Amino acid sequence: MTVEEFAFEENDIVTMRDLGQNAAKTIDKVNETGRPALVTRHGRPQAAIIPLANAHMATTVLARPESGLRKSVVAAEEEMAEDGAVTSAAMARTLGLKPEK
């Protein structure tokens with residue numbers, strides 16, 4: 001998946017200035033709609049804000065592979081992927097970022 005394949009709609013794009021002035025409103029919108037926001041500076045993409053529901057918690061929060069909670073998170077992520085949700089790992093690849101180890 002490339003940036004071109006992940007289409008942000010016009011109302012998904014927020015400037016750094018707007019984010020600075022309306023951070024809470026922007027984050028509320030991301031969480032309510034379930035769609036990421038693309039943050040731009042001078043028209044160039046700088047960051048993406050993704051809803052927490054798409055965060056890859058298994059690698060950032062849960063370290064033990066045998067953990068029952070981790071297994072539940074992995075199962076939930078697989079279910080979200082089947083429903084078409086975009087994972088944080090997919091977003092990172094889309095934006096050309098290296099995954100955390």
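Begin the tour by selecting T26, which is found in helix α2 (residues 23-33); helices are DSSP runs of H or I of at least four residues, strands are DSSP runs of E of at least two, and both are numbered from the N terminus. The model is a predicted one, in which local features need pLDDT of at least 70 and side-chain atom pairs count only at pLDDT 80 or more, while totals for chains, interfaces and linings use all residues. Residues are numbered from 1 along each chain as its sequence is written, and side-chain values use heavy atoms, with hydrogens and water left out.

**Stop 1: T26 and its surroundings**

Keep T26 selected and display its surface. T26 is buried, with a relative accessible area of 12%; buried means under 20% relative accessible area, exposed over 50%, and partly exposed in between, for a 1.4 Å probe and protein chains only. Next, show the residues that T26 touches: V14, L19, A37 and I49, not counting residues up to four places away in sequence. Contact here means heavy atoms within 4.5 Å.

**Stop 2: the nonpolar core**

Which residues form the largest nonpolar core? Select V14, L19, V30, A37, V39 and I49, the six residues that make it up. A nonpolar core is a set of buried Ala, Val, Leu, Ile, Met, Phe, Trp, Tyr and Cys residues joined through side-chain atoms within 4.5 Å. In soluble globular proteins, nonpolar side chains tend to be buried together. Now centre the view on L19, which touches V14, T26, V39 and I49 when residues up to four places away in sequence are not counted.

**Stop 3**

Strands of a sheet pair through backbone hydrogen bonds, either parallel or antiparallel. Two strands count as paired if DSSP finds at least two bridges between them. Strand β1 (residues 13-15) pairs with β2 in the parallel sense over three bridges. To follow this pairing, select V14 with its bridge partner V39 in β2, then T15 with its partner T40.

**Stop 4: T40 and P45**

Select T40, in strand β2. T40 is buried, with a relative accessible area of 8%. Leaving aside neighbours within four places in sequence, T40 is in contact with I13, V14, T15, M16, P45 and Q46.

Apart from neighbours within four places in sequence, P45 is in contact with L38, V39 and T40. Draw a line from P45 to T15: the two are 30 residues apart in sequence and 9.1 Å apart in space, C-alpha to C-alpha.

**Stop 5: the hairpin turn**

β2 and β3 form a hairpin with two residues between them, and R41 stands opposite R44 in β3. Select H42, which lies in the loop between β2 and β3. What is the phi of H42? It is positive, about 55 degrees, although H42 is not a glycine. Most residues other than glycine have a negative phi. H42 is exposed, with a relative accessible area of 78%.

**Stop 6**

Finally, turn to the second largest pocket, which holds about 240 Å³ of space. Of the 14 residues that line this pocket, the closest to its centre are N11, I13, V14, T26 and K29. The largest share of the lining, five residues, comes from α2. On a 1 Å grid over the protein atoms alone, a pocket is an open set of points with protein on both sides within 12 Å along at least five of seven lines, and a cavity is a set of points where a 1.4 Å probe fits but cannot get out; lining residues have an atom within 4 Å of a point. Grid points are joined across faces, edges and corners, and a volume is the space filled by probe spheres set on the points.
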